[in-house]
Amino acid sequence: MAKPLIAGNWKMHGTAESAIHLASQLGQHWNDQSKAQMIVFPPAIYLTAVKAELDGTNIVLGAQNLSQHSAGAFTGEISADMLADIGCEYVLVGHSERRAVFGESNSTVAEKFSAAQRAGLTPILCVGESLQQRQQDQTIEVVAGQIAAVIDLAGLDNVCRAVIAYEPVWAIGTGETASPEQAQQVHSAIRAQLGDAGKDTTLLYGGSVKAENADKLFSQPDINGGLVGGASLEANDFLNIAQQLTEQE
Ligand code: PGA
């Protein structure tokens with residue numbers, strides 16, 4: 001059975017005070033770890049403060065990005081070992097904003113993926129098509145290519161023990177969500193690409209997940225949880241979404 005996960009990507013939002021407050025509210029109200037693991041991804045500068053707030057709770061910490069390099073003269077970068085050192089367990093790799101705004105290629109994403117695993121972090125590999133690619137019927141091909149680039153470098157088994165998040169670019173931060181059927185179609189194609197080795201790999205859906213649409217998305221057979229942006233910034237909204245994941249059969 002794939003392990004259900006609910007991940008909150010806080011992106012570049014908030015202050016030290018609001019990050020600690022949000023972590024504290026989540027920590028007070030989230031105690032159902034048996035059915036789903038909650039992970040939060042605060043801005044890097046607040047990781048340590050959020051970690052301190054989450055100590056003793058069932059919520060774990062993730063980073064939004066990492067360097068593909070292990071150490072050295074890389075001004076402004078943060079290595080996988082540094083993230084592990086301060087208590088991160090997960091890291092997002094290849095988020096569409098990193099690909100589109102910061103020019104990360106499939107091969108850079110693959111290097112970051114491997115760097116994360118070498119340090120003992122679990123990468124959450126984000127993949128997804130643009131609106132134009134969907135309109136041209138290239139969705140499955142684009143997503144398969146993004147995953148294949150990582151399999152080429154890291155190997156199939158390593159990809160299968162990570163987490164993959166399908167996030168259609170046109171649904172991120174737009175309020176538009178893939179329908180449960182559209183999402184399931186891509187998730188089942190990813191499952192097929194991974195083959196037998198991937199039957200227990202956790203596959204998340206991301207892109208405008210909200211309390212109103214979470215249940216139907218999470219009830220799809222190959223959707224094992226969510227990567228939530230906007231709706232993870234309000235404790236009540238995120239807890240409501242997480243609760244819906246725990247209520248799946
Ligand atoms: P969103 O972001 O929920 O605000 O669409 C999802 C993501 O970028 O991971």
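Residues are numbered from 1 along the chain as its sequence is written, and side-chain values use heavy atoms, with hydrogens and water left out. Because the model is predicted, local features need pLDDT of at least 70 and side-chain atom pairs count only at pLDDT 80 or more, whereas totals for chains, interfaces and linings use all residues.

Me: How many helices and strands are there in the protein chain?
Reply: Helices (H or I, at least four residues) and strands (E, at least two) are taken as DSSP runs, numbered from the N terminus. On that basis the protein chain holds 11 helices and eight strands.

Me: What is the radius of gyration of the protein chain, and what does the globule rule give?
Reply: The radius is taken over C-alpha atoms, and the globule rule is 2.2 Å times the number of residues to the power 0.38. The C-alpha trace spans about 45 × 45 × 30 Å along its principal axes. For 249 residues the two values are close, so the chain is as compact as a globular protein of that length: 17 Å against 18 Å from the rule.

Me: Of the contacts between residues at least 6 apart in sequence, what percentage join residues at least 24 apart?
Reply: A contact means heavy atoms within 4.5 Å. Among the contacts in question, the share that joins residues at least 24 apart is 71%.

Me: Which residues of strand 6 lie on each side, and are they buried or exposed?
Reply: Buried means under 20% relative accessible area, exposed over 50%, and partly exposed in between, with a 1.4 Å probe and protein chains only. In a regular strand the side chains alternate between the two faces of the sheet. In strand 6 (residues 163–166), Val163 and Ala165 are on one side and Ile164 and Tyr166 on the other, and all of them are buried.

Me: Which strands pair with strand 6, and in what sense?
Reply: Two strands pair if DSSP finds at least two bridges between them. Strand 5 (residues 122–127) has four bridges to strand 6, with Ile124 opposite Val163. Four bridges also join strand 6 to strand 7 (residues 202–206), where Tyr166 stands opposite Tyr205. Strand 5 pairs with strand 6 in the parallel sense, and strands 6 and 7 also run parallel.

Me: Where is Ser208, and what is its phi?
Reply: Most residues other than glycine have a negative phi. Ser208 lies in the loop between strand 7 and helix 10 (214–218), and it is buried at a relative accessible area of 14%. Although Ser208 is not a glycine, its phi is positive, about 55 degrees.

Me: Where is Lys11, and what is its phi?
Reply: Lys11 belongs to the loop between strand 1 (5–9) and helix 1 (16–29). This residue other than glycine has a positive phi, near 50 degrees.

Me: How far apart in space are Ser18 and Leu233?
Reply: Ser18 is in helix 1 and is partly exposed, with a relative accessible area of 35%. Ser18 and Leu233 are 215 residues apart in sequence, and their C-alpha to C-alpha separation is 9.4 Å.

Me: Which residues does Asn65 touch, not counting those up to four places away in sequence?
Reply: Asn65 sits in the loop between strand 3 (59–63) and helix 3 (80–85) and is partly exposed at 22% relative accessible area. Its C-alpha atom is separated by 8.6 Å from that of Lys112, 47 residues apart along the chain. The residues touched are Leu83, Val91, Leu92, Arg98, Glu104 and Lys112.
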